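Please open the model in your viewer and keep the selection tool at hand. The stops below say what to select next and what is there.

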Amino acid sequence: MGVTSELFTNVLIPWQRVLFTASLLTCWLLSTTASVTIQSPQHVVEGENILLQVDNLPENLLAFAWYRGLTNWRLTIALHFLEYSTSMTGPEHRDREILYSNGSLWIQNVTQEDTGYYTFQTISKHGELESNTSTFLQVYSSHFTCGRSTFPAKFTIESVPPRVAEGESVLLRVHNLPEYLQLFFWYKGVIMIRKVEIVRHRTLKNLSDPGPAHSGREIVFSNGSLLLQNVTWKDTGFYTIQTVNRYWKMELAHIYLQVDTPCCDTLDSAQLRIDPVTLHAAEGESVLLQVHNLPEDVQTFSWYKGVDSTPSFQIVEYSKAMNSIISGSAYSRREIGYANGSLLLQDVTEKDSGLYTLVTIDSNIRVETVHVQVNIYKLVTQPVMRVSDSTVRVQSSVVFTCFSDNTGVSIRWLFNNQNLQLTERMTLSPSKCQLRIHTVRKEDAGEYQCEAFNPANSKTSLPVSLAVMNE
């Protein structure tokens with residue numbers, strides 16, 4: 001909001017003089033009735049919008065202003081003149097701040113650079129400093145989860161939808177793409193060789209080059225995700241993304257895509273395949289990798305941890321001639337191999353997550369290799385919930401915060417034992433661990449809970465009651 005040049009000449013200069021004088025006389029010019037307070041959010045994550053809410057604004061003011069820091073009025077963000085009902089921005093305004101006529105300051109899309117003290121000053125019509133109130137704003141990185149700093153979330157791929165029918169499209173959505181990325185590659189399968197390369201993408205130039213395995217139906221996005229259009233049964237299988245950052249550090253993520261086909265057009269029903277009985281398991285559980293259609297004349301088969309079928313990664317090996325199963329170098333005493341080809345993983349830990357490979361050899365020395373993805377998640381502990389004020393007035397604001405000791409969990413909110421339906425008055429932090437109700441209504445009274453969960457298990461906090469009082 002701008003002002004005329006006359007206002008700058010007649011108002012801004014006197015205002016600066018007032019502020020300068022006020023900064024010198026703060027100790028003894030403050031009104032004894034000054035009771036201005038600022039409501040500031042306790043935990044703020046990068047990317048959020050926040051409100052520094054001013055309460056008990058004095059009457060009969062000349063002006064008020066916000067500035068950064070505690071004492072330097074030259075770091076003005078914005079100031080408002082009540083006589084002219086107009087506002088002007090200061091040298092510290094970053095085009096993300098909005099000053100309201102009630103004194104409150106709205107800051108959009110905060111960053112860690114916004115961390116620091118903010119001071120709100122009011123000037124009476126007599127030119128005296130009426131009030132001087134400061135608050136400290138702490139902005140945490142996006143890896144900060146409600147009071148506990150966490151490691152960066154795991155680099156993963158999600159199939160949207162999880163299963164897809166022939167002729168439809170599916171998005172292989174990438175989560176938590178590594179930082180400082182230079183290149184990424186998509187491959188059909190788990191072996192990263194040129195002939196199965198679908199596409200490579202140069203992030204700095206935002207350019208993509210199709211590879212030998214590109215069919216013309218794939219679209220790659222700058223966030224790493226891959227769209228497969230008009231899929232067929234031949235698209236069933238593993239897909240791999242490989243990333244390379246500026247320091248030439250490489251990371252991998254795999255996903256298995258299931259394409260559903262009509263009953264009469266399915267893959268050969270005798271095709272060797274593996275089905276994990278439990279798709280998502282928690283630590284301490286058992287996972288059975290059930291093998292279907294093992295060749296009747298199989299002479300030997302071996303299980304490997306990972307995609308490399310070398311002796312150092314061998315878990316177990318079956319020999320028909322010996323009618324026995326022997327352990328390999330990667331055997332941990334928690335695996336049981338069966339003559340039907342299946343493998344049982346017992347008392348699993350998060351480290352057991354990843355790809356497993358089965359290699360079979362029949363009497364004609366025909367070799368078949370199949371892979372399976374195993375997902376193991378840590379047990380979720382019960383989260384703890386806090387509320388900024390358990391009793392609030394109508395039209396005020398309230399903040400709920402969900403604290404979890406776990407990393408890699410998602411947060412959902414419950415209201416009176418039902419999933420909370422968000423309204424336009426409610427906002428969630430980027431990690432969803434904070435819920436804010438900006439203008440409380442009577443119908444917001446009740447019990448709130450937060451639930452921390454991963455694909456394998458979940459825990460819900462104890463309920464916290466919110467009471468809403470009339471004005």
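**A tour by selection**

Begin at asparagine 416, which counts as partly exposed because its relative accessibility is 38% (buried means under 20% relative accessible area, exposed over 50%, and partly exposed in between, with a 1.4 Å probe and protein chains only). This is a predicted model, in which local features need pLDDT of at least 70 and side-chain atom pairs count only at pLDDT 80 or more, while totals for chains, interfaces and linings use all residues. Residues are numbered from 1 along each chain as its sequence is written, and side-chain values use heavy atoms, with hydrogens and water left out.

Stay on asparagine 416, which lies in the loop between β37 (410-415) and β38 (418-419); strands are DSSP runs (E, at least two residues), and helices are runs of H or I with at least four residues, numbered from the N terminus. Asparagine 416 has a positive phi of about 50 degrees although it is not a glycine.

Next select arginine 333, in the loop between β29 (324-327) and β30. Arginine 333 is also not a glycine, yet its phi is positive, at about 75 degrees, and with 73% relative accessibility it counts as exposed.

Now select strand β22 (residues 237-245), where 9 of 9 residues are buried. Strand β17 (residues 181-188) pairs with β22 in the antiparallel sense over 7 bridges, and tyrosine 187 has threonine 240 in β22 as its bridge partner. Strand β23 (residues 250-260) is joined to β22 by 8 bridges, again antiparallel, with alanine 253 in β23 as the bridge partner of isoleucine 241. Look then at the turn of the hairpin that β22 and β23 form with 4 residues between them, where tryptophan 248 has a positive phi of about 65 degrees.

For the next stop, select valine 160 and proline 161, which are joined by a cis peptide bond with omega of about 0 degrees. Proline 161 is found in the loop between β14 (156-160) and β15 (163-165).

Which residues form a disulfide? Select cysteine 402 and cysteine 450, whose sulfur atoms are 2.1 Å apart (a disulfide is a pair of cysteine sulfur atoms within 2.5 Å). The pair links distant parts of the chain, with cysteine 402 in strand β36 (residues 398-403) and cysteine 450 in strand β41 (residues 446-453), 48 residues apart. The torsion about their S-S bond is about 75 degrees, so the disulfide is right-handed. Both cysteine 402 and cysteine 450 are buried.

To finish, select leucine 70 in the loop between β4 (61-68) and β5 (76-81), a residue that counts as partly exposed at 42% relative accessibility.

Notes:
Pairing = 2+ DSSP bridges.
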